[in-house]
Amino acid sequence: MNMDRVIRRRPRGKVHVPTVTLAHGGGGKAMKDLVDDVFISAFNNPLLDTMEDQARLPLDGLATRGDRLAFTTDSYVVDPLIFPGGDIGKLAVCGTINDLAVGGAIPLHLSCAVIVEEGVTIELLRRIAQSVAQTAAKAGVQIVTGDTKVVQRGACDKLFITTTGLGVIPPGIDLAIGSAQVGDEVLVNGVLGDHGAAILVARGDMVLDTPIESDCAPLHELIAALLAAAPGTRFIRDATRGGVATVLNEIAGASGVAIEIDERATPIRDEVKGFCEILGLDPLYLANEGKVVIIVPARERDAALLAMQEHPLGRGAVRIGRVLEGEAGRVTMRTAIGGRRIVDMLVGEQLPRIC
Amino acid sequence: MKFVDEFRDRQNAEALVAEIARLAASIGITRTRPLQIMEVCGGHTHSIFRYGIEGMLPASVELVHGPGCPVCVLPMGRIDDCVSIAERPGVIVTTFGDAMRVPGSRKSLLQARAEGADIRMVYSPMDALELARKNPSREVVFFAIGFETTMPATALTVLQAEADGIANFSVFCNHITIVPTIKAILDSPDLQLDGFLGPGHVSMVVGTTPYEFVSQFYRKPLVVAGFEPLDVLLSIVMVLRQIKEGRAEVENQYSRIVPDEGNAAALRAVAQVYELREFFEWRGLGSIDHSGIRFREAYARFDAERRFTVPNAKIADPKSCQCGEVLKGVLKPWQCKVFGSACTPEAPLGALMVSSEGACAAYYQYGGRRGQDAA
């Protein structure tokens, strides 16, 4: 079938109203106009433009690049939709790319499903769609299929996005959460807690002189460089909800090891430190959207750090701790003054101090 | 100076710990049991656990965790009262963070919120007043908790509400006073304390003179302490020096924040709006005379207890709950029968497991389970 003929024949729809209405989710002309004008024109690639119900991806192309498919999904419900350093669209692309990348996969294709509350402005929706498109394009990833639903006022909070990602894992890469061993080193690629703090600030509760920005970023190229320099890397995970502390607990539990980190080695921006001090929050539990925890064998630590530091998203890469003998699943911290305390899983949400 | 870094310097900390060990050893020659120092204030408990200070001290010095956590001592009946206010249509209840998780006899404020009550977290009572200003058709109630530290903010907010003629704002007042707390500890037959770390931010308001009864009548040293780890360590050194030298005085380690005479403007605002209650119910400690405050008659219209009828029931703690003994320092958290089993942060039986300043929550989160130290 001649794709050019199909594409040329179909005229693009355009939206003529300022806000999203239930009609835009009804499956008729209004919906076609919305999808064409806001999403298809932004994402704009041959796979998507066929407008079939599914994206069709030749297997032989995938098999030349890797021997396993990596497949992941995530929903994004962040509030506010737009915050310093990004927006829900950028987050939806980076988060899913990173979920592929931490498994050593080359991210290739994304789906993008959107649920919109009636009353959202077309201008806002367009801005988010552009953000999705630009973030994906910069990362070299295509949005190849999607869905749009409109719900009545109150049925969702403005906008929810779900992205599913497909990638391939090159042969020989076998990262596993259960593979940490005594003697391994714990690394991170930069300052911790920026995204969580930025969201709390953006919600308007505290007015700060220095705005804190989210660290939202796609990490697949950084991770590829890391794995090339340190092929013995055991495991990588992005430290999203629950922060670095949660990831460390997950690793310690799954590998049946103890982990200890050094408070003086954990890199945190001064503004985030100050913000956390005032509110009584612990930055180790704040979300990151551009930071990963990496477990490497000791002999590859220096190579891993150097490779990351060469990359713009890894300039602040440091060693924060090690895997040691001790109670399986226990994570401890050597405090700034030389004491020792446990770094546990978070219970509920972090709530600010009273006095 | 950044304050955050200088007061967490490892070398200085190690020097102070060495001094503590030296003093404890020289005092210890004449003693058969460890030296017991109580930190009254929940903020100190949090600091001690968060930095792992207890594990750095010699075995001859024991820290006893006191009842100075205003959330921890809230009786369940008062939570029920607040929930009943929140469940009235049109009411917005505002509160600080931790109070939302404390279990009442049926549910916590957090659970009430999940079931549809309008309960919002605020950082200051002024936020609650702002909410009342912006929502004239709603009744806004501020759930006021805290020792003297937070009383001035509540009082000043009420004065502001009066000046601005705000009619839809009231306060559910659970403020408590520190002196009766310390006195109840000293009068308790279960305890044999050798000294105190005095509250830091309460003292910023009340000064250091209210604690003189501790040194003059009970002959125990009390050092008003700051919250950074070096503050805590230095304060312990100061208490031990007093013991070694046979002194019993009130000393002020936190002088960079605490004026000896307190904050006169804050105290004036509090005295204008509030008066002492004859007695107030404390979780685990029972009824303590003159330990709570209530609105003066002139400000009765801001008193949520008079604006709304509340159940006002005295709810006994669950039988297995030993919060009272842990609050008094008689039991260590892990010695409570239900610590870590029936009572955990996910499903707390008592308030000490809820608040981040409660000894049980602090120990569970930072210090291990079942009596195992992190050190």
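**Chain B and its interface with chain A**

In chain B, 76% of the contacts (heavy atoms within 4.5 Å) between residues at least 6 apart in sequence join residues at least 24 apart. This is a predicted model, in which local features need pLDDT of at least 70, side-chain atom pairs count only at pLDDT 80 or more, and totals for chains, interfaces and linings use all residues. Residues are numbered from 1 along each chain as its sequence is written, chains are lettered from A in the order in which they are written, and side-chain values use heavy atoms, with hydrogens and water left out.

Chain B has 14 helices and 13 strands, taken as DSSP runs numbered from the N terminus (helices: H or I, at least four residues; strands: E, at least two). Its radius of gyration, taken over C-alpha atoms, is 21 Å, close to the 21 Å that the globule rule (2.2 Å times the number of residues to the power 0.38) gives for 375 residues, so chain B is as compact as a globular protein of that length. The C-alpha trace of chain B spans about 65 × 45 × 40 Å along its principal axes. Of the 375 residues, 59% count as buried, meaning under 20% relative accessible area, with exposed over 50% and partly exposed in between (1.4 Å probe, protein chains only).

One spot to look at in chain B is B:Ser124, which sits in the loop between β4 (118-121) and α5 (125-134). B:Ser124 counts as partly exposed because its relative accessibility is 23%. A polar atom of its side chain lies 3.0 Å from the backbone nitrogen of B:Met126. B:Phe96 is 28 residues away from B:Ser124 in sequence, yet the two are 7.7 Å apart in space, C-alpha to C-alpha.

Then there is the partner chain. Here 29 residues of chain A are in contact with 42 residues of chain B. The buried area, which is the accessible area (1.4 Å probe) that two parts lose on being put together, summed over both, is about 3100 Å², and carbon and sulfur atoms give 54% of that. Four salt bridges (a side-chain nitrogen of Lys or Arg within 4 Å of a carboxyl oxygen of Asp or Glu) are counted between the chains. One of them pairs B:Asp5 with A:Lys273, whose closest N and O atoms are 3.8 Å apart. On the chain A side, α10 (270-279), β12 (331-334) and β13 (340-342) each supply at least two of the residues that touch chain B. The largest share, four residues, comes from α10(A).

Note on methods:
Polar contact = N/O pair within 3.5 Å; in protein donor to acceptor, adjacent residues only side chain to side chain.
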